[in-house]
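Biologist: Let's take a close look at a single part of this model, please. I'd like one connected account that I can follow with the structure open beside me.

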Amino acid sequence: MPLIGITTHPIDSEDRAVLDLLIAQIVAGIERAGGLPVLIPLGLEQHTLRAMLARLDGLLLSGGGDIDPALYGALKTEHVSGIDAIRDQTEITLCKDALDTHKPLFGICRGTQLMNVALGGTLYRDISENPNADRHTFYPDLPHDLRAHAVQLAEDSLISTILKQPQIMVNSLHHQACRDVATPLRVVASSPDGMVEALEMPEHPFALSVQWHPEAMP
């Protein structure tokens, strides 16, 4: 049974109750798929993180608060919240090492944005920065498993091979999104308004991230 590490959020997160629920759903999903879920605590030294990653069979970057805009050359605005420097550093270290060592990697929501930033990409600090964007934040007034909009998948992508269909309906719980996509990454899914919905690293055996929350749609 593969050992799958799951990144976690700070105990003082503004939306901790929601994030706790999503983590619980991730754990249940990994177990249901035949994996052994392991929660990775924040605050570990880099050598400890790397030693832990070496023992894992895969890494999952979970959802959560916003990434510090300074990490992609932008300023903080009133739309940005939930920044945690320790989490940012923990996940960037794990993400880069997983990509460098060809460790299987899967990102969810923030995980997509983190992978992009870790490799030099940028974000919309709020989707309102894109005048062509539709609504993407359907929480908290609607259920997490609501299929809010369609996503078109690239034909020759890993995700289309997994899902075996060209288009799917997904939930949508994010107010940020990828803006400039890092060079090693490829956009493999988009929403009707053109926002990035999934990324892959073609040169990696399994590096995939999605902007929606599959754990809330078992």
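Modeller: Let's start at the lining of the largest pocket, where helix α1 provides the largest share, five residues. Helices (H or I, at least four residues) and strands (E, at least two) are DSSP runs, numbered from the N terminus. Please keep in mind that this is a predicted model: local features need pLDDT of at least 70, side-chain atom pairs count only at pLDDT 80 or more, and totals for chains, interfaces and linings use all residues. Residues are numbered from 1 along each chain as its sequence is written, and side-chain values use heavy atoms, leaving out hydrogens and water.

The volume of the largest pocket is about 900 Å³. Its lining counts 33 residues, and those closest to the centre are Leu 60, Phe 106, Ile 108, Pro 214 and Glu 215. Two or more lining residues come from each of α1, β3, β4, α5 (158-163), β7 (167-170) and β11. On a 1 Å grid over the protein atoms alone, a pocket is an open set of points with protein on both sides within 12 Å along at least five of seven lines, a cavity is a set where a 1.4 Å probe fits but cannot get out, and lining residues have an atom within 4 Å of a point. Grid points are joined across faces, edges and corners, and the space filled by probe spheres set on them is the volume.

Now to α1 itself. The helix covers residues 16-32, and its 17 residues should span 24 Å at 1.5 Å a residue, which agrees with the 24 Å between its end C-alpha atoms; the expected span is 1.5 Å times one less than the number of residues. Its buried residues are Val 18, Leu 19, Leu 22, Ile 23, Ile 26 and Ile 30. An α-helix has 3.6 residues a turn, so residues three or four places apart point the same way. Turned away from the buried side of α1 are the exposed Ala 17, Glu 31 and Arg 32. Here buried means under 20% relative accessible area, exposed over 50%, and partly exposed in between (1.4 Å probe, protein chains only). The cover over the buried residues of α1 includes β1 (3-7), β2 (36-40), β3 (58-61) and β4. Just after the helix, Gly 34 has a positive phi of about 95°.

Strand β4 (residues 105-108) runs parallel to β11 and is joined to it by four bridges; two strands pair if DSSP finds at least two bridges between them. In that pairing, Ile 108 has Val 210 of β11 as its bridge partner. In the loop between β4 and α4 (110-118) sits Cys 109, which has a positive phi of about 55° although it is not a glycine. Cys 109 is buried, at 7% relative accessible area.

Strand β11 (residues 207-210) is covered on both faces, with Ala 207 and Ser 209 buried on one side and Leu 208 and Val 210 buried on the other. Strand β10 (residues 196-200) runs antiparallel to β11, with three bridges between them, and Glu 200 stands opposite Leu 208. A hairpin of six residues joins β10 to β11. Phe 206 belongs to the loop between these two strands and is partly exposed, at 29% relative accessibility. Beyond its neighbours within four places in sequence, Phe 206 is in contact (heavy atoms within 4.5 Å) with Lys 103, Pro 104, Leu 105, Leu 158 and Ile 162.

Finally, there is the stretch around α5 and β7. Lys 164 lies in the loop between them, takes a positive phi of about 60° without being a glycine, and counts as exposed at 69% relative accessibility. In β7, Ile 168 and Val 170 form a covered face, whereas Gln 167 and Met 169 form an uncovered one. Four bridges join β7 to the antiparallel strand β6 (residues 149-153), where Ala 150 stands opposite Met 169.
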